[in-house]
Amino acid sequence: MRLVPIRLAWFSAVFLLAATIGCKAQETGIKDPVLARRIEVLVRGKFNIPPDYTVTLGARKPSDLPGYDKLQLTVARGARSSNIDFLISTDNKSLARLETFDLSKIPAQNIPVADRPIRGNPAAKVTVINFDDLECPYCARMHEQLFPATLERYKDKVRFIYKDDPLTEIHPWALHAAVDSNCLASQNGSAYWGYVDYLHAHGQEVTGPDRNAQKSNEMLDKIAREQGKIFSLDAAKLDACLQKQDETAVRSSMDEAESLGVEGTPFLFIDGERINGAMPAEQVWAAIDRALRAAGEEPPQTPAKPISAPPLGK
């Protein structure tokens with residue numbers, strides 16, 4: 001799983017969007033210093049506000065919500081400040097924050113997939129997007145659940161699309177593998193899937209007993225060339241792509257994953273619904289069933305029977 005530092009994404013976004021020049025003194029509406037301190041401590045803890053930021057309680061005003069008053073907090077550092085609106089119960093026992101979300105712009109439901117290889121029915125109403133790391137053992141486990149069992153269960157009702165998110169800090173050959181897979185994808189989607197199947201089934205062989213990154217990369221290129229031969233790809237074009245090792249597209253996908261809040265791999269988006277980690281197949285199927293019903297499709301009525309997996313990778 002990905003190891004990530006604590007991020008201040010929510011707080012930073014609010015602060016930067018609402019930043020204003022100049023600090024303004026505000027009269028606090030909380031007269032009880034003990035209560036004021038409790039509010040500050042809670043807000044600092046919940047939103048990971050750094051100690052060099054000041055938190056000032058503003059005026060307390062009536063709200064339209066019965067039992068609650070409005071309470072504005074100002075978070076500031078230097079010449080920049082941001083106002084954040086809260087609700088405080090009239091009995092001073094609860095603090096709440098209401099957020100408004102734009103239902104017309106949900107990033108997880110608008111992930112670009114143009115030119116990505118598709119497995120399943122390209123015209124399917126439900127899309128499963130997997131941010132994948134070709135060196136990740138958890139990804140290999142998820143991949144094994146998706147193919148063939150999940151694909152066989154849903155047949156032409158669902159399409160599967162993989163996007164790159166190699167965890168370079170813990171997986172030394174994952175980035176190289178992602179670049180190679182895209183070299184194959186640029187010529188033939190089936191060659192891409194053959195490569196992905198093979199690596200998820202033979203990752204330890206690529207890593208090797210001595211864990212030599214250069215040897216792993218050489219093996220990755222060799223496997224890619226073998227896929228190129230199987231699918232009759234343009235060998236010269238493939239070799240040029242493998243040698244160039246252009247990471248631009250992969251790193252763009254990695255940035256996209258971070259912007260979507262992907263915290264590890266595998267990470268699925270099933271028509272926007274998030275599934276973090278190698279969850280049991282039944283949980284993945286439950287999410288797919290929900291998406292199908294929302295799209296006006298009936299999911300399979302009976303559990304899929306165990307399926308003997310064919311050799312992965314052609």
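## Lys-155 in its loop

Let's start with Lys-155, which sits in the loop between H3 and strand S8 (158–164). Helices (H or I, at least four residues) and strands (E, at least two) are DSSP runs, numbered from the N terminus. Lys-155 has 51% relative accessibility, so it counts as exposed; that word stands for over 50% relative accessible area, buried for under 20%, and partly exposed for in between (1.4 Å probe, protein chains only). Its C-alpha atom is 9.6 Å from that of Ala-124, 31 residues away along the chain.

A quick word on where this comes from: the model is predicted, with local features needing pLDDT of at least 70 and side-chain atom pairs counting only at pLDDT 80 or more, while totals for chains, interfaces and linings use all residues. Residues are numbered from 1 along each chain as its sequence is written, and side-chain values use heavy atoms, leaving out hydrogens and water.

## The chain as a whole

Now zoom out. The chain has ten helices and ten strands, and 43% of its 314 residues count as buried. Take the contacts (heavy atoms within 4.5 Å) with a separation of 6 or more: residues 24 or more positions apart account for 69% of them.

## H3 against H10

How do you describe two packed helices? You give the angle between their axes and the distance between the axes. Helix H3 (residues 137–154) packs on helix H10 (residues 281–294) at about 45 degrees, and their axes are 11 Å apart. The axes are lines fitted to C-alpha atoms, for helices over the stretch in contact, and angles run from 0 to 180 degrees between N-to-C directions. That angle makes H3 oblique to H10; under 35 degrees would be roughly parallel, over 145 roughly antiparallel, 65 to 115 roughly perpendicular, and the rest is oblique.

## H5 against H7

Helix H5 (residues 189–201) and helix H7 (residues 213–230) pack at about 140 degrees, with 9 Å between their axes. That makes H5 oblique to H7, and the crossing is right-handed. Among the H5 residues in this contact are Gly-194 and Tyr-198, and H7 brings residues including Leu-220 and Gln-227. The class count is seven nonpolar, two polar and no charged.

## Aromatic rings

How many aromatic pairs does a search of the whole structure find? Eight. Rings of Phe, Tyr and Trp (its six-membered ring) pair if their centres lie within 6.5 Å; planes under 30 degrees apart are stacked, over 60 edge-to-face, and the rest tilted. Phe-131 and Phe-269 have ring centres 6.0 Å apart and planes at 80 degrees, so this pair is edge-to-face. Phe-131 is in strand S7 (residues 126–132) and Phe-269 in strand S9 (residues 267–270), so the pair ties together parts 138 residues apart in sequence.

Phe-131 is buried at 0% relative accessibility, and Phe-269 is buried with 1%. Phe-269 also forms a tilted pair with Phe-267, at 5.2 Å centre to centre and 35 degrees between the planes. Elsewhere, Phe-147, Phe-160, Tyr-162, Tyr-192 and Trp-193 form one aromatic cluster.

Methods: A crossing is left-handed if the near helix is turned anticlockwise from the far one by less than a right angle, and right-handed if clockwise. Ala, Val, Leu, Ile, Met, Phe, Trp, Tyr, Cys and Pro count as nonpolar, Asp, Glu, Lys and Arg as charged, and the others, Gly among them, as polar.
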